[in-house]
Amino acid sequence: MLVERKKWRLHHIVYLAAGIGFLAWCADGTNLRPTELASGIPKIAKYFALMVPPKWSFAEIVWKPAIETVYIAVWGNVLASLIGLPLGVLAARNITRLASVRFVAKSTLNLLRSISELIWAIFFVAAVGLGPFPGAVALGMNYAGILGRLYAEAMENIDPGPVEALQATGAGRIQVILFAIFPQVLPQFVTYMLYWFEVGVRSATVLGMVGAGGIGFELVTTIKLFEFRETAVILLVIFGMVTIIDYASTLIRSRIY
Amino acid sequence: MNQEPPETTTPGQERNPTMVSVKDVSKTYAGAGATEALRNVSIEVREGEFLVILGPSGAGKSTLMRCINRLVEPTSGSIIVDGREVTSRRRELRAVRRQVGMVFQQFNLVKRLSVLMNVLSGRLAYHTLWRSLIYSFNKEDKRIAIECLARVNMEHKTFQRADTLSGGEQQRVAIARALAQQPKVILADEPVASLDPKIARQVLTYLKQIAGELGITVLCNLHQVEYAREYAERVVGLSRGAVVFDGPSGKLTDDILQQIYYRDSEAGDDDDV
């Protein structure tokens, strides 16, 4: 069957030109220099060459901060959901009628999200001292902004039919949310939680740079001391953790549908 | 809102008392082409009556039903259900809604939940928020839910997920959910428009039995004349937001049908849903 092709029109060409122009402008701004990158590749290769063979015995030292990284990611994400879910409910157009409340909730989420976890970590290390605890809180703050927004969007896209049906039974607002909205979005919520847990583990690996616990401290230290064979072990451990979490979350998601 | 004093004098009639009283209800949807969905509609429905509201799509049937349980706020007029004026004050509204079950064209079950959980949802208005927070129901609720499922012959699917059921089965579960409210009135908004004729008749039979055997007042929106003739005792014909007929289904003459369907569609036509 022949599908009629859309013809190119003047405004399409204008949009395309504008898009290319925008990319070129940004390229100029970022000082894109592909040739230098290409000529620099041997230097990068030299770094990686210094990493082999990995000093496997170092694994005995890093497994503890590695697990700590997972702790931070777990509690960071729990906090993120605890803060993000109520804000998400308040920000969802089909749940919260008052535009002013939605605006405040959305602004709060934007604020939480716009400050990266590393910056939050600096604040909380200053507040409660070094260690994994400020790391978890920092992760929780940033991810609350992200998850809250994703939760709100998921709830806005549900089938409104069951909501109307439960309103008609005389159920209260929160009962309607619990029985008509949450069951519909549960699979999406779980998917988001698992995905951002995985991202959280990766993020938590750098929190140590500012003293907020986890494997990041060792990572930065080995690089600064040019102990690249140790660095290799840390990177492999992180890679291993992320891989395991990826498999686990795929398994869990296939069970919840 | 129009504050009509409730009827104090009930005319001495042997028939059942009035359950739903719609008085001069109008609804105009605000917006660009401000449409008048209902124009001074007045209907009295007695206890245990099975009333069919007949009309083409867009006649205002859905709006009328949603005015009764205030899913839609009428522009003017008053509605009394079981002697209580329906208002938009939250607490009182919830008390009225608990008495009024609703069945929808699209069934509106929560698909990921079990049949039982969907029916139990009909009990929520009897519960405190604290109990609902842990998704808990008591034995009595469960007994009522199973009993309601049995009434529509769906108890064998109690623990199945709602999305594993066929359309007709889902609608029967939706009826059970409405029954679980132990309502005095059931509003059925085009309950068979998404079902094939055989299943449609089955569902209408259940609804009619509910009115006859449980004494629940059933208001049923339909756009198919044949079903109205087959099932209704009394028919209210709605056309362009106004009542154009109110009488026994036997008196639905071709003239009247032409008036209801305003001559641009064949009587008995059931193509538009």
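Trainee: What makes the four strands of chain B in this predicted model an open sheet, and in which order do they run?

Mentor: Their order is E2-E1-E4-E5, with antiparallel pairing. Strands E2 (35-46) and E5 (84-85) of chain B stand at the edges with a single partner strand each, so one side of each has no neighbour in the sheet.

Trainee: How do you know that E1 and E2 of chain B pair?

Mentor: Pairing takes at least two bridges, and strand E1 (residues 18-29) of chain B has eight bridges with E2(B), in the antiparallel sense. Therefore the two count as paired. For one position, look at B:Val25, which stands opposite B:Val41 in E2(B).

Trainee: Over to a helix, then. Why is B:Ala211 called buried?

Mentor: The cut-off is 20 or more other C-beta atoms within 10 Å. B:Ala211 has 20, so it is buried. You will find B:Ala211 in helix H7 (residues 197-214) of chain B.

Trainee: Which residues does B:Ala211 touch, leaving out those up to four places away in sequence?

Mentor: B:Ala211 touches B:Gly48, B:Glu49, B:Phe50, B:Ile216, B:Thr217 and B:Val218.

Trainee: Nice! What makes chains A and B partners in contact, and how many residues take part?

Mentor: A contact needs C-beta atoms within 7 Å; 19 residues of chain A are in contact with 21 residues of chain B. On the chain A side, helix H7 (160-168) and helix H8 (173-207) each give two or more residues. H8(A) provides the largest share, eight residues. By class, that side has 11 nonpolar, seven polar and one charged residues.

How values were computed
Residues are numbered from 1 along each chain as its sequence is written. Chains are lettered from A and ligands numbered from 1 in the order in which they are written. This is a predicted model: local features need pLDDT of at least 70, side-chain atom pairs count only at pLDDT 80 or more; totals for chains, interfaces and linings use all residues. A residue is buried if 20 or more other C-beta atoms lie within 10 Å of its own, exposed if 12 or fewer, and partly exposed in between; C-beta atoms are placed from the backbone. Two residues are in contact if their C-beta atoms, placed from the backbone, lie within 7 Å. Ala, Val, Leu, Ile, Met, Phe, Trp, Tyr, Cys and Pro count as nonpolar, Asp, Glu, Lys and Arg as charged, and the others, Gly among them, as polar.
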